[in-house]
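The entries follow in the order in which I looked them up.

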Amino acid sequence: MECKENVIHYLSWGFIVSGVAYLFWQTRFQTPYGRYVTSDGTPGRTCPAKLAWFLQELPSFLVPMLLLLSTDTQPSLGKDLLLWTFCLHYFQRTFIYSLLTKGRPSPLYIVFSAVVFCSVNGFLQGHYMLHCATYDDAWQTDIRLYTGLLMFFLGMAINIHSDHILLNLRKPGEVVYKIPKGGMFEYVSGANFFGEILEWCGYALATWSLPTFSFALFTMCSIGPRAFHHHRYYQEKFEDYPQSRKAVIPFIL
């Protein structure tokens, strides 16, 4: 398959523009998810958390894998990076995290929006890395590749460990929210968000391309404000909430 350069270009810039727009939107409004979902008692408007996570994350894994299996591509660094970073992350989110989550039901329109985004992004990342990205031999010794991969796997570890802390924060049957402690939660309120942002910034650095940078930027604009919402929630709810904790970036922000 030939590289669809124009499609890749427009989708990448679409992510950049929409990400910045969504960031500004979240400074005025709060996306209804998790603890911020308000139920009006109308059936059929939400999706169970486990199913919601599975459905909305699946396209980000499935679309690149279908592209990989349906095209005859030679071994390449771009192919390896796609499999062992992007697809690895979404395998964990789709087939492992979705079974573990204990979150509240998600509004259907949020799930639908996530499915659309993940489908488009799955195509953008998969098509670019398989059919457009070219890396010469020098890139295999480039500091950006190794720094980016280190950031990615460190971020993934932080993300998974932070999710583990959140999943075990409450005992069976408890419905109250508690202050998360341990790991990166000692430094930021949104430790899981920080881990994921670090992941995709590392992915962008290791691949050094507009599509991957646009996805990293969209991620920051999308989940960064959620960390601030959580930070404000904890500060308002708990009088003993650690004052030294930042929202999303340790010691800074």
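Entry 1. I looked up the exposure of Asp163 in this predicted model. Asp163 has a relative accessible area of 5%; this is under 20%, so I record the residue as buried. I then located Asp163 in helix H5, which runs over residues 143–167.

Entry 2. I asked which residues Asp163 is in contact with, leaving aside its neighbours within four places in sequence. I found Arg93, Tyr97 and Asn192. With Arg93 there is a polar contact between the two side chains, at 2.6 Å.

Entry 3. I consulted the UniProt record, an unreviewed entry, for the annotation "transmembrane region". The record places it on residues 7–25, 106–124, 145–162 and 208–228. I checked two of these spans in the model. Residues 145–162 are 100% helix and 0% strand, with 25 Å between the end C-alpha atoms. For residues 106–124 I noted 89% helix and 11% strand, and the end C-alpha atoms lie 26 Å apart.

Entry 4. I turned to the packing of helix H3 (residues 77–100) and helix H4 (residues 108–132). Their axes are 7 Å apart and form an angle of about 145°. On the H3 side, I listed Gly78, Lys79, Leu81, Leu82 and Phe86 as making the contact. On the H4 side, I listed Asn121, Gly122, Gln125, Gly126, Met129 and Leu130. By class, the residues of this contact are 5 nonpolar, 5 polar and 1 charged.

Methods: Residues are numbered from 1 along each chain as its sequence is written. This is a predicted model: local features need pLDDT of at least 70, side-chain atom pairs count only at pLDDT 80 or more; totals for chains, interfaces and linings use all residues. Side-chain values use heavy atoms; hydrogens and water are left out. Helices (H or I, at least four residues) and strands (E, at least two) are DSSP runs, numbered from the N terminus. Buried means under 20% relative accessible area, exposed over 50%, partly exposed in between (1.4 Å probe, protein chains only). A polar contact is a pair of N or O atoms within 3.5 Å; within protein, one must be able to donate a hydrogen and the other to accept it, and residues adjacent in sequence count only if both atoms are side-chain atoms. Contact means heavy atoms within 4.5 Å. UniProt positions are given in the numbering used here, feature names are shortened, and annotations may be inferred rather than shown by experiment. Axes are lines fitted to C-alpha atoms, for helices over the stretch in contact, and angles run from 0 to 180 degrees between N-to-C directions. Ala, Val, Leu, Ile, Met, Phe, Trp, Tyr, Cys and Pro count as nonpolar, Asp, Glu, Lys and Arg as charged, and the others, Gly among them, as polar.
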